[in-house]
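Please keep the structure in view while reading.

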Amino acid sequence: MSKTSTITEGHNSPRTVTLMNGSVYSFNSNVSTTLEKIPVIDASKIWSRRLQDRQAVAEEIREASRKIGFFYLINHGIDQEYADEVMRQAKRFFALPEQKKMEVFTGLVPNEYVGFHPMECYNRNGWKHQDLSEAFNWAYDPAEDPEAVDQDQPSVSIWPSDTPGFREGLYAYHTELLRLSRRLTRIFALALHLPEDYFDKYVRRPEAGMRILHYPEQKHTVEEQNGIGAHTDVECFTIVTQDSAGGLEVLSKSGNWVKAEPIPGSSVVNIADCFMRQTNDFFVSTVHRVINKSGRERYSAPFFFGFDRDKLLEAIPTCVSEGNPMKYPIMSGGEYYEWRTNRQKRTNTYNTDTGN
């Protein structure tokens, strides 16, 4: 789930991105660049039985998570067919009539981000035109988790009727990403110089939502419209599957929009707000956006992984000290998620039409 932001520009001053938490980021230009690079990390050794191999990958992730908060993951162990099927299902769903998609409108589910988010229903940065994208979100379902503590717990997701294979195709990939994310959580523990199993208790019933998105080609300028406006994600980390159209851009510390150009077979991983809070800003939750000027439609599928909603977002021991105390108030992951969800959904322009 993304977090809303606004963008302002003074007459002779740099443009700035102001997030909902009050943080302000400057950027130099709306023109993106490939001169700065996002790290590419070979994940094959995260599955190694040798601790030294896993620690080596963890140190690469530590560096990337500190410096830019984004990295590509290659050789991650998930068969490409799962991602391809999700993209097929995304094209199938978004081609449905609007009335059919609105049967699962997100406004029907209070306090949750699941369901259909119609085209141009948000304007995250207050541009002249609404964000040019539509999405469908679904949530963690214990019944689809081989490691679930209680597979009988209900899921909050809502699904369109008469779409055989849709739910199954999405959850098949979701389950694979869940397995990868639990392993990455252990690698992140090593990256923070903690025992490898430090986060195990946090991910028995994780916050593990996913979405598919459709971006038509943007006809308006970047100054007037984005596919998705500049934002940060909410949970611990996000694993993004994107097609070959490109369009994902990351705001570097130097103030440039850096293109996250597609690498076949890779996933893009980014740190999100909850992890930044728990690491006391040691990890960076980086502002990013989507601009689709590819000349064709773009599809993507981000997987948002976070800790159990009942767990407190307490400081990581290696990230605080007497001279560097915790910067954030302690709350549960569920409280933080609900607040961000409702802040975002209240801006949905379709709410009035449905009485929500």
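## Two loop residues

Asp-162 is placed in the loop between E8 and helix H4 (166-191); helices (H or I, at least four residues) and strands (E, at least two) are DSSP runs, numbered from the N terminus. The model is predicted: local features need pLDDT of at least 70, side-chain atom pairs count only at pLDDT 80 or more, and totals for chains, interfaces and linings use all residues. Residues are numbered from 1 along each chain as its sequence is written, and side-chain values use heavy atoms, with hydrogens and water left out.

Most residues other than glycine have a negative phi. Asp-162, although not a glycine, has a positive phi of about 55 degrees. Asp-162 is exposed, at 71% relative accessibility (exposed means over 50% relative accessible area, buried under 20%, partly exposed in between, with a 1.4 Å probe and protein chains only). His-193, in the loop between H4 and E9, likewise has a positive phi, near 60 degrees. His-193 is partly exposed, with a relative accessible area of 49%.

## The second largest cavity

A cavity is a set of points, on a 1 Å grid over the protein atoms alone, where a 1.4 Å probe fits but cannot get out; lining residues have an atom within 4 Å of a point. The second largest cavity is lined by 14 residues, and those nearest its centre are Tyr-113, Asn-137, Trp-138, Gly-209 and Tyr-337.

Strand E8 (134-138) and strand E9 (207-215) each supply at least two residues of this lining. The largest share, three residues, comes from E9.

How values were computed
1 Å grid on protein atoms, 1.4 Å probe; cavity = no way out; pocket = protein on both sides within 12 Å on 5 of 7 lines; lining within 4 Å.
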